[in-house]
Amino acid sequence: RFDRSNKFSADKLVPAGGGGTDLRPPFDWTKKNIIDKKGKYPSLFIYFTDGDGTYPNKRDYKISNYIDNILWVIIKPNYRYEPTIPPFGKYIILDISEIYGKD
């Protein structure tokens with residue numbers, strides 16, 4: 001929490017997490033707000049994640065209709081981390097270990 005007595009500083013931010021993310025909500029939102037309402041499918045769907053979490057089934061949310069347009073950008077934060085490979089779509093591994101160091 002930041003206020004007048006506790007000023008915002010990027011140095012105070014500490015990234016946290018690393019697993020257990022529910023990766024389904026963006027697919028659900030896309031189905032409800034684009035596919036069902038507008039009758040269109042994404043021409044490109046980019047998802048940035050560490051890859052550790054609950055993936056949707058490709059039969060859910062009408063994903064199979066745009067599965068070739070899904071790109072997962074899997075963030076690899078350090079040299080010890082072995083990211084989970086997505087079960088569908090295309091993916092790239094973005095190794096950011098040099099940005100944050102080797103640990």
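**A loop residue, an aromatic cluster and a core**

Y61 has a relative accessible area of 21%, which makes this residue partly exposed (buried is under 20%, exposed over 50% and partly exposed in between, with a 1.4 Å probe and protein chains only). The model is predicted, so that local features need pLDDT of at least 70 and side-chain atom pairs count only at pLDDT 80 or more, while totals for chains, interfaces and linings use all residues. Residues are numbered from 1 along each chain as its sequence is written, and side-chain values use heavy atoms, with hydrogens and water left out.

Y61 lies in the loop between β3 and β4 (helices are DSSP runs of H or I with at least four residues, strands are runs of E with at least two, and both are numbered from the N terminus). Although Y61 is not a glycine, its phi is positive, at about 60 degrees. K62 is also found in the loop between β3 and β4, and its phi, near 60 degrees, is likewise a positive value in a residue other than glycine. With a relative accessible area of 34%, K62 is partly exposed.

The aromatic rings come next. Ten aromatic pairs are counted in this model, where rings of Phe, Tyr and Trp (its six-membered ring) pair if their centres lie within 6.5 Å, and planes under 30 degrees apart count as stacked, over 60 as edge-to-face and the rest as tilted. Y41 and Y66 form a tilted pair, with 6.4 Å from centre to centre and 35 degrees between the planes. This pair links distant parts of the chain, since Y41 sits in the loop between α1 (25-38) and β2 (45-49), whereas Y66 sits in the loop between β3 (53-54) and β4 (70-76), 25 residues apart. Y41 is partly exposed, at 38% relative accessibility, but Y66 is buried, with a relative accessible area of 1%.

W72 and F88 form an edge-to-face pair, with their ring centres 5.8 Å apart and 65 degrees between the planes. This pair, too, links distant parts of the chain: W72 belongs to strand β4 and F88 to the loop between β4 and β5 (90-95), 16 residues apart. Both W72 and F88 are buried. Ring pairs join F27, Y41, F45, Y47, Y55, Y66, W72 and F88 into a cluster.

Several of these names return in the core. The largest nonpolar core has 13 residues, of which F27, I63, Y66, I70, W72 and F88 touch the most other members; such a core is a set of buried Ala, Val, Leu, Ile, Met, Phe, Trp, Tyr and Cys residues joined through side-chain atoms within 4.5 Å. Two or more residues of this core come from each of α1, β2 and β4, and β4 gives the most, with three residues. When residues up to four places away in sequence are not counted, F27 touches F45, Y47, P56, Y61, I63, Y66, I70, W72 and F88, contact meaning heavy atoms within 4.5 Å. In soluble globular proteins, nonpolar side chains tend to be buried together.

Two further residues show how sequence and space can be compared. I99 is found in helix α2 (residues 97-100) and counts as exposed at 63% relative accessibility; from I99 to F88 there are eleven residues in sequence and 28 Å in space, C-alpha to C-alpha. D50, in the loop between β2 and β3, is buried, with a relative accessible area of 17%. D50 and I93 are 43 residues apart in sequence, and their C-alpha atoms are 9.2 Å apart in space.
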